[in-house]
Amino acid sequence: MTAGVLGASPVAAAPAATLNALKQVALVDLQRCLLETTQGTKGKKDLESVFAKGQSQLDKKTEDLKKKYEDLMAKRAMLSDEEIAKRQQELVVKDQELQQLYAQLQEDVATKEAQLTEKIYKNVAALVKDIAAEEGLQIVLVRSPATVLYANPKLDITNRVIVAYDKKHK
């Protein structure tokens, strides 16, 4: 018997096999999971709050430093060289403290953001594993412009992951 006699040619069977294989593949947009889950949204607000508080402290210290500099410039003619040198040194120290505070703020925010990202990523990975098992998916790829140039939107399970995430991690 030939394939033509049975009515199914190898060429006609190929698209069906490809379609079945695609049903075993899915995509998840991790960036959306980070930004759109309740935990991610709350975390982003918390980070913004930490940054705003730190920025407020920086602004206050910057304004204090500026006032001390302006005061030194206004009184410079009345001060001895020794007093001018002393005040300039104080300004240098205050400026260095300000730079250290700025660097510390940047580091704190970056650390907290990395911790939040790692936590959400681990939770998403566990959920994706469960969803893949439920749906018989063989592979779930991270959707990003760097890794996936085009994919059928039907392969994207991000919305399902976000909903499941919010139910599980309140």
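Contact here means heavy atoms within 4.5 Å. All views show a predicted model, in which local features need pLDDT of at least 70, side-chain atom pairs count only at pLDDT 80 or more, and totals for chains, interfaces and linings use all residues. Residues are numbered from 1 along each chain as its sequence is written, and side-chain values use heavy atoms, with hydrogens and water left out.

**View 1. Contacts between helices α5 and α6.** Lys119, Ile120, Asn123, Val124, Leu127, Val128, Asp130, Ile131, Glu134 and Glu135 of α5 meet Arg160, Val161, Ala164, Tyr165 and Lys168 of α6. Helices (H or I, at least four residues) and strands (E, at least two) are DSSP runs, numbered from the N terminus. The two axes, of α5 and α6, come within 10 Å and cross at roughly 115 degrees. Axes are lines fitted to C-alpha atoms, for helices over the stretch in contact, and angles run from 0 to 180 degrees between N-to-C directions. α5 and α6 are therefore roughly perpendicular to each other; angles under 35 degrees count as roughly parallel, over 145 as roughly antiparallel, 65 to 115 as roughly perpendicular and the rest as oblique.

**View 2. The salt bridge between Glu134 and Arg160.** The side chains of Glu134 and Arg160 form a salt bridge, with an N to O distance of 2.7 Å. A salt bridge is a side-chain nitrogen of Lys or Arg within 4 Å of a carboxyl oxygen of Asp or Glu. Because Glu134 lies in helix α5 and Arg160 in helix α6 (residues 158–168), the pair ties together parts that are 26 residues apart in sequence. Glu134 counts as exposed at 59% relative accessibility, whereas Arg160 is partly exposed at 34%. Buried means under 20% relative accessible area, exposed over 50%, and partly exposed in between (1.4 Å probe, protein chains only).

**View 3. Gln39 and its surroundings.** Gln39 is part of helix α4 (residues 38–75) and counts as buried, with 17% relative accessibility. Its side chain makes a polar contact with the side chain of Tyr165 at 2.3 Å. A polar contact is a pair of N or O atoms within 3.5 Å; within protein, one must be able to donate a hydrogen and the other to accept it, and residues adjacent in sequence count only if both atoms are side-chain atoms. Leaving aside residues up to four places away in sequence, Gln39 touches Leu116, Lys119, Ile120, Asn123, Tyr165 and Asp166.

**View 4. The salt bridge between Asp46 and Lys42.** The closest N and O atoms of Asp46 and Lys42 are 3.0 Å apart in this salt bridge. The two residues, Asp46 and Lys42, are four residues apart in helix α4, so about one helical turn separates them. Asp46 is partly exposed at 38% relative accessible area, and Lys42 is exposed at 52%.

**View 5. The salt bridge between Arg87 and Asp71.** The side chains of Arg87 and Asp71 meet at 3.5 Å, N to O, in a salt bridge. This pair links distant parts of the chain, with Arg87 in helix α5 (residues 81–135) and Asp71 in helix α4, 16 residues apart. Both are partly exposed: Arg87 has 23% relative accessibility and Asp71 has 29%. Asp71, Lys75, Glu83 and Arg87 are linked in a network of salt bridges. The structure holds 10 salt bridges.
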